[in-house]
Amino acid sequence: MIRFILCGLFLIFIYNVNGQPFYNKFEKFTLSPAQRSNVINMKVEALETPELVAVSLKWNGIRKISGPSFKLQYLSYENKWSEELTFINDTHLETDGSWGTFLPLYIPENAKEIKILPSNLIEEIDVTSNIFIVPMQKSLTDKTSEMSSLANCFCDTLLFKSRDQWQAPNTSVSYRYADVTHLIVHHAASTNTSNNWANVVLSIWNFHVNTNNFSDIAYNWLIDPNGVLYEGRGGGNNVVGAHFCGKNTNTMGVCMLGNLSTVEPTEAALKTLRQILFWKSCDSKINPMTQSTHSGVNINNISGHRDGCATECPGNFMYPKLLELRSLVKASIDACSVTGIDEKMEDQYVITPNPIKDVLEIPEDTKWIKIFDFNGKLYLYTSFLIENKVNVEHLLEGSYIVQILDKHGQLHSGKMIRVN
Ligand SMILES: [Zn+2]
């Protein structure tokens with residue numbers, strides 16, 4: 001009984017890092033199996049109207065346990081408790097099972113109180129909640145239209161928001177560098193909606209640094225559902241991140257914002273993903289179609305987080321798209337490179353005739369054929385193939401990517417030029 005009384009509020013501190021456009025409110029409390037919830041007041045003195053409020057959690061136990069789970073409810077200004085929102089465990093951590101963290105949940109800016117509800121507790125644990133608040137701030141909105149650019153191989157220019165442009169705090173981190181051989185795709189497993197995705201990127205930086213105690217944001221790049229690309233970890237090209245099962249050396253991590261186990265990735269985000277993977281494949285001479293050894297295991301050069309360890313990341317809607325993504329990245333390289341990448345791509349499909357006016361000849365063992373433009377828009381998809389010929393007369397003049405699947409399940413692609 002005494003133990004029960006001791007539970008509850010333990011410590012609160014709030015800070016606004018000098019010159020940083022956000023506030024952090026930390027609260028440390030103890031939860032026991034008998035305790036059903038802990039309520040935290042959301043009020044932060046001297047704070048303007050918030051634009052984004054994110055809540056993340058870190059817990060510590062004595063024993064190694066399979067892990068508690070948590071839900072959150074918020075109290076609106078109309079004094080109504082919301083439905084219960086479920087925290088998602090962060091699977092990017094190396095933990096021995098005696099501690100863990102939960103990804104940020106985004107709640108309305110005008111919430112008065114939040115309630116943290118644990119379940120599966122078998123012992124008393126310490127919990128630290130991190131409430132991250134970005135105030136309405138003119139400087140942040142002013143900067144959102146600025147973009148930086150990245151020379152995309154030999155063919156294209158890729159625009160992105162630099163760390164300065166999403167207002168990443170300055171850090172004095174000593175970065176580590178390594179040649180990149182593998183490109184790893186993630187999803188953020190959090191909110192699918194925002195009216196300011198730069199703030200969401202900032203909240204992920206905060207979660208990684210102030211809840212997970214990483215030195216910087218884990219990912220090298222992030223992509224929002226509008227297709228905007230954000231520079232992640234500082235330090236520049238080939239900097240080692242913290243995203244792939246503790247085996248980060250020689251990888252580049254790209255995070256698709258949103259929960260791609262509950263929604264499909266948008267076309268705009270997929271297009272940007274293809275471009276950044278294309279850029280890095282070209283930059284580091286990575287063959288997007290093949291496998292190679294990473295930390296003693298043979299994996300695809302373009303892999304999902306789940307190919308490295310047990311996690312749902314990059315989400316059940318995103319993971320199956322990696323197959324097609326690899327061949328589209330390769331097709332972009334084939335189409336754009338002047339000198340090409342060093343190694344010969346053995347699975348390149350040679351289009352005949354090329355340029356082409358009306359009838360495309362395809363290999364005998366073709367199961368289906370798809371024809372895209374370079375923005376990934378699909379113009380033709382058929383598995384109804386007569387005499388290994390496909391009529392492309394109806395396509396406008398221009399360059400296309402042709403992709404075919406053979407009867408052994410191998411994807412091949414090549415560039416086709418259509419003329420009148
Ligand atoms: Zn991941």
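A residue counts as buried if 20 or more other C-beta atoms lie within 10 Å of its own, exposed if 12 or fewer, and partly exposed in between, with C-beta atoms placed from the backbone. Keep that handy for the tour. What you have open is a predicted model, where local features need pLDDT of at least 70 and side-chain atom pairs count only at pLDDT 80 or more, while totals for chains, interfaces and linings use all residues. Residues are numbered from 1 along each chain as its sequence is written.

**Colour by confidence**

pLDDT is the predictor's confidence in each residue, from 0 to 100. The protein averages 85, and 87% of the residues score at least 70. Now select residues 1-10: pLDDT stays under 50 there, and the model has 15 contacts for them beyond four places in sequence (a contact means C-beta atoms, placed from the backbone, within 7 Å). Residues 338-346 are also below 50, with 10 contacts beyond near neighbours in sequence. Where pLDDT is low, the predicted coordinates should not be read in detail.

Select Gln 167, in the loop between β11 (156-160) and β12. (Helices, H or I with at least four residues, and strands, E with at least two, are DSSP runs numbered from the N terminus.) Gln 167 has a positive phi of about 65° although it is not a glycine. Is Gln 167 buried or exposed? It is buried, because 21 other C-beta atoms sit within 10 Å. Jump to Asn 120, between β8 (113-119) and β9 (125-135). Its phi is positive too, about 65°, but Asn 120 counts as exposed, with 11 C-beta neighbours inside 10 Å.

**Two cis prolines**

Next, pick Cys 313 and Pro 314: the peptide bond from one to the other is cis, with omega near 10°. Pro 314 is in the loop between β18 and α5. Then go to Asn 354 and Pro 355, joined by a cis peptide bond with omega about 5°; Pro 355 lies between α5 and β19 (359-361). For context, most residues other than glycine have a negative phi, and most peptide bonds are trans.

**The five-stranded sheet**

Show β14-β13-β15-β12-β18, an open sheet with mixed pairing (two strands pair if DSSP finds at least two bridges between them). β14 (229-231) and β18 (302-304) stand at the edges with a single partner strand each, so one side of each has no neighbour in the sheet. Three bridges join β12 (182-187) to β18, and these two run parallel; look for Leu 183 opposite Ile 302.

Leu 273 is one of the residues with the most contacts inside the largest nonpolar core, which has 92 residues. Such a core is a set of buried Ala, Val, Leu, Ile, Met, Phe, Trp, Tyr and Cys residues joined through C-beta atoms within 7 Å.

**Last stop: four strands**

Finish at β21-β20-β23-β24, an open antiparallel sheet. Its edge strands are β21 (378-382) and β24 (411-418). Four bridges join β20 (366-372) to β21, and Phe 372 has Leu 378 as its bridge partner. Helix α5 (322-336) packs on this sheet, touching β23 (398-406) and β24.

Note on methods
Two residues are in contact if their C-beta atoms, placed from the backbone, lie within 7 Å. Axes are lines fitted to C-alpha atoms, for helices over the stretch in contact, and angles run from 0 to 180 degrees between N-to-C directions.
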